[in-house]
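Subject: Structure for you to look at

Hi,

Here is the structure I promised to pass on. Please open it alongside this email, and then read on for my notes.

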Amino acid sequence: MLNLGAEYLVNSDITLSLQINNLQDRRYSTAAQLGAAGFDANGNFQARAFGGSAVAGFPVQQSTFFAPGAPRSLSLTFKFKFKFTFTFDGD
């Protein structure tokens, strides 16, 4: 995955920033988990109790879940600094 960022100082008070994440728009996974599933390899639901043993004729189907990564994103940021002065006269 390729990320790209740039920042431009217009002056001492104004900054423009550009950030592009996943520039090549690649598909990737961020995590995986192996666990019991209620579906067979063809996607058909298997109506049986989980936790049965293979000896008893109820093997638990295992499945791996992959969490998809974020797609390409673009953000443009405009930062502006301002000065604030507050004076208070006690009268």
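Below is what I found, going from the overall fold to single residues.

A word on the ground rules first. This is a predicted model, in which local features need pLDDT of at least 70 and side-chain atom pairs count only at pLDDT 80 or more, while totals for chains, interfaces and linings use all residues. Residues are numbered from 1 along each chain as its sequence is written, and side-chain values use heavy atoms, with hydrogens and water left out.

**Overall fold**

The protein chain has zero helices and five strands, giving the pattern β-β-β-β-β along the sequence. Helices (H or I, at least four residues) and strands (E, at least two) are DSSP runs, numbered from the N terminus. Of the 91 residues in the chain, 9% count as buried. For burial, I use under 20% relative accessible area for buried, over 50% for exposed, and partly exposed in between (1.4 Å probe, protein chains only).

An open sheet is built from three strands in the order 1-2-5, with antiparallel pairing. Strand 1 (4-9) and strand 5 are the edge strands; each has a single partner strand, so one side of each is left without a neighbour in the sheet. From one strand to the next, the twist averages 10 degrees. Two strands are taken to pair if DSSP finds at least two bridges between them.

Strand 1 and strand 2 (residues 14-21) are joined in the antiparallel sense over six bridges, and Leu 4 stands opposite Ile 20 in strand 2. Strand 2 also holds Ser 17, which is buried at 12% relative accessibility. The side chain of Ser 17 makes a polar contact with that of Glu 7, at 3.4 Å. By polar contact I mean a pair of N or O atoms within 3.5 Å; within protein, one must be able to donate a hydrogen and the other to accept it, and residues adjacent in sequence count only if both atoms are side-chain atoms.

Leu 16 is another residue of strand 2, partly exposed at 33% relative accessibility.

**Strands 3 and 4**

Strand 3 (residues 29-36) and strand 4 (residues 62-68) pair in the antiparallel sense over seven bridges. Within this pair, Ser 29 stands opposite Pro 68 in strand 4. Strand 3 lies largely in the open, because the number buried among its eight residues is zero.

**The salt bridge**

How many salt bridges does the structure hold? There is one, where a salt bridge is a side-chain nitrogen of Lys or Arg within 4 Å of a carboxyl oxygen of Asp or Glu. Asp 13 and Lys 83 form the salt bridge, their closest N and O atoms being 3.3 Å apart. This pair links distant parts of the chain, 70 residues apart: Asp 13 is in the loop between strand 1 and strand 2, and Lys 83 is in the segment after strand 5. Asp 13 is partly exposed at 23% relative accessible area, whereas Lys 83 is exposed at 70%.

**A nonpolar surface patch**

Do have a look at the surface too. Tyr 8, Val 10, Leu 16, Phe 78, Phe 80, Phe 82, Phe 84, Phe 86 and Phe 88 form a nonpolar patch there, with about 1,200 Å² of accessible area together. Patches are made of residues with over 30% relative accessible area and no salt bridge; like charges are joined within 9 Å, and nonpolar side chains (Val, Leu, Ile, Met, Phe, Trp, Tyr) within 5 Å. Accessible areas come from the Shrake-Rupley method with a 1.4 Å probe, and for residues only the protein chains shown count as cover.

**Local details**

The loop between strand 2 and strand 3 contains Asn 22. Phi of Asn 22 is near 55 degrees, a positive value in a residue other than glycine, and Asn 22 is buried at 1% relative accessibility. Asp 25 lies in the loop between strand 2 and strand 3 as well, and its phi is near 55 degrees, again positive in a residue other than glycine. Asp 25 is partly exposed, at 39%.

Best wishes

Methods. Axes are lines fitted to C-alpha atoms, for helices over the stretch in contact, and angles run from 0 to 180 degrees between N-to-C directions.
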